[in-house]
Amino acid sequence: MKKYILSIDQGTTSTRAILINSQGEEVFKAQREVECLFPQPGWVEVNPNKIWISTIDVINELMVVSSSNMEEVAAIGITNQRETTVVWDRITGQAVYNAIVWQSKQTQDLCDEREDKMEFIQNKTGLRMNPYFSASKIRFILDHIPDGQKRAERGELMFGTIDSWLIYKMTYGKCHYTDVTNASRTMLYNIFDMKWDKELLDIWNIPESMLPEVLDNSADFGEAAFFPGHVHIHGVAGDQQAALFGQCCFQAGESKNTYGTGCFMLMNIGDKPLISKQGLLTTVAWREGGVTTYALEGSVFMGGAIIQWLRDQMDLIKSSAQSEEYANRVHDTAGVYVVPAFVGLGTPYWDDDARGAVFGLTRGADRHHFVRATLFSIAYQSKDVIEAMKREAGLELKSLRVDGGASANALLMQFQSDILQCEISLPKYVETTALGAGYMAGLGVNFWKSKADIEQNHTIQKKYYPMMPQSEVDCLYEGWLQAVNATRAFKPKKKCEC
Ligand code: ADP
């Protein structure tokens with residue numbers, strides 16, 4: 001009897017496996033941390049074998065704690081940290097270099113060398129020239145292993161994002177596939193033709209033979225023969241697209257914002273891609289039955305991470321949750337603004353050189369005001385992204401679906417609703433990433449018949465409604481924009497001679 005969908009969520013810091021029932025509820029969950037490596041300042045890598053081992057572990061643990069077996073699993077879904085790049089040997093199946101993680105800046109020079117190709121690349125991929133995406137990471141690996149280019153040209157090497165790596169391992173090396181969403185983050189995939197693009201491959205000098213075949217999200221990605229039960233992987237998507245799907249944002253104009261380490265906002269824009277003039281990325285949301293749905297995406301680099309900074313570096317709070325308690329002890333921020341540009345600013349500014357700043361300090365400001373202002377910076381940054389989306393797509397935002405760790409903070413969510421002047425909707429089940437991949441897998445094997453079927457499962461935990469007068473919103477947001485401008489104007493010399 002097929003009772004469950006098994007969803008694997010391979011994230012930057014951990015791997016989770018979740019058993020989901022037909023009501024879209026989590027029945028059991030297992031989780032393992034995955035250690036990131038920082039070989040040099042700005043570099044982030046991870047051992048691909050550890051990712052694979054953590055996946056085996058969580059699946060085995062899940063089967064043990066739930067007293068289930070793979071015979072009860074209808075299909076497997078995989079969602080993953082996007083862009084992270086693995087290159088492995090076609091014969092041995094062993095990775096030839098560590099996986100280079102999406103956050104890693106080690107390929108900045110490779111991107112700078114190709115800066116003049118920015119517009120050309122954006123017009124085909126919807127992305128910006130940035131080390132974030134996979135293409136420069138593949139180039140780096142081929143440049144840093146013996147005979148890398150020659151081996152790649154001889155067809156001896158394979159590339160994959162983490163989904164492909166796991167599919168390859170789970171199918172005993174039989175299947176080399178990825179899905180359209182992960183492909184759309186490589187900078188090698190043309191999101192208009194929905195194909196690997198020869199001209200993009202030439203820019204990076206990457207042989208096409210390395211690349212996986214690209215399938216729709218609910219396609220058959222092969223039998224997970226490494227595990228018993230003859231279960232097939234039937235749903236694959238990058239984490240943010242999976243969350244959009246898990247939040248049931250199926251109509252154009254529907255958006256979700258994930259408040260994790262960073263904040264990632266995606267808006268469904270329907271079946272026509274548009275190239276952003278507002279600093280947003282265009283990306284594939286999913287493809288089913290050959291029809292592609294696209295999304296606009298905005299990224300905030302410091303989301304929940306700024307709260308971790310208050311806790312770990314500033315020692316101002318003991319836990320992330322305490323930020324709410326402290327911020328609630330005062331009624332306003334006493335005019336303080338915190339601009340958390342610790343690693344530059346993302347959408348819509350894309351300012352790598354900006355650094356964090358605090359404005360408006362007076363003798364009356366105390367730690368509670370500071371915590372409140374820091375918390376609110378997450379909402380202001382998200383408003384910047386939404387404003388860019390509105391300008392770009394001309395869509396009015398009626399409701400924003402939220403998830404991720406910091407969405408548990410009621411004060412932040414109320415302020416977000418106020419400052420956006422729109423309804424905020426928090427689902428009952430906030431692991432929307434795993435749920436989205438699970439839904440895709442379930443659709444692939446008729447565990448759920450349609451998206452309408454899935455929508456029945458989407459239940460709301462809480463809604464927030466705007467309560468702040470528009471005049472106050474305008475005044476506060478004006479102050480934020482001034483603070484951002486002043487932050488960006490501060491450009492100290494990189495290496496001071498004195
Ligand atoms: P990720 O998937 O990126 O690891 P999560 O969705 O697990 O992130 O969220 C973790 C982040 O959420 C942390 O940065 C943490 O500081 C923040 N966070 C968790 N709970 C709260 C809270 N109650 N208030 C504010 N921030 C929170």
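The chain exposes about 19,900 Å², and carbon and sulfur atoms supply 50% of that area. This is a predicted model. Of the 498 residues of the chain, 61% count as buried. The salt-bridge count comes to 30, and several of these pairs are set out below.

**Overall form**

- The secondary structure comes to 16 helices and 22 strands.
- The radius of gyration is 22 Å; a compact globule with 498 residues would have one near 23 Å, so the chain agrees with that expectation.
- Along the principal axes, the C-alpha atoms fill a box of roughly 65 × 60 × 40 Å.
- Among contacts with a separation of 6 or more, 72% come from residues 24 or more positions apart.

**Charge**

- The chain carries 49 positive and 61 negative charges.
- The mean positions of the positive and negative charges are 1 Å apart.
- Side chains of opposite charge can pair when their charged atoms come close.

**Glu297 and Arg82**

- Glu297 and Arg82 meet through their side chains in a salt bridge, at 2.7 Å from N to O.
- Glu297 sits in strand E17 (residues 291-300), and Arg82 in the loop between strand E5 (73-80) and strand E6 (85-89), so the pair ties together parts that are 215 residues apart in sequence.
- Both Glu297 and Arg82 are buried.

**Arg151 and Asp89**

- A salt bridge also joins the side chains of Arg151 and Asp89, at 3.0 Å from N to O.
- Arg151 belongs to helix H5 (residues 148-153) and Asp89 to strand E6, so this pair ties together parts that are 62 residues apart in sequence.
- Arg151 is buried, and Asp89 is buried too.

**Asp351 and Arg488**

- Asp351 forms a salt bridge with Arg488; their closest N and O atoms are 2.9 Å apart.
- The pair links distant parts of the chain, 137 residues apart: Asp351 is in the loop between strand E18 (337-339) and strand E19 (357-359), while Arg488 is in helix H16 (residues 470-489).
- Asp351 has 8% relative accessibility, so it counts as buried, because buried means under 20%.
- Arg488 has a relative accessible area of 29%, so it is partly exposed.

**Network**

- Salt bridges that share partners join Arg82, Glu83, Arg185, Asp239 and Glu297 into one network.

Definitions and conventions: Residues numbered from 1 in each chain as written. Predicted model: local features only at pLDDT ≥ 70, side-chain atom pairs only at ≥ 80, totals over all residues. Heavy atoms only, no water. Helix = DSSP H or I, 4+ residues; strand = E, 2+ residues; numbered from the N terminus. Rg over C-alpha atoms; globule rule 2.2 N^0.38 Å. Buried < 20%, exposed > 50% of the residue type's maximum accessible area, 1.4 Å probe, protein only. Contact = heavy atoms within 4.5 Å. Areas by Shrake-Rupley, 256 points an atom, 1.4 Å probe, with all protein chains shown as cover. Lys, Arg positive; Asp, Glu negative; His and termini not counted. Charge placed at Lys NZ, Arg CZ, Asp CG, Glu CD. Salt bridge = Lys/Arg side-chain N within 4 Å of Asp/Glu carboxyl O.
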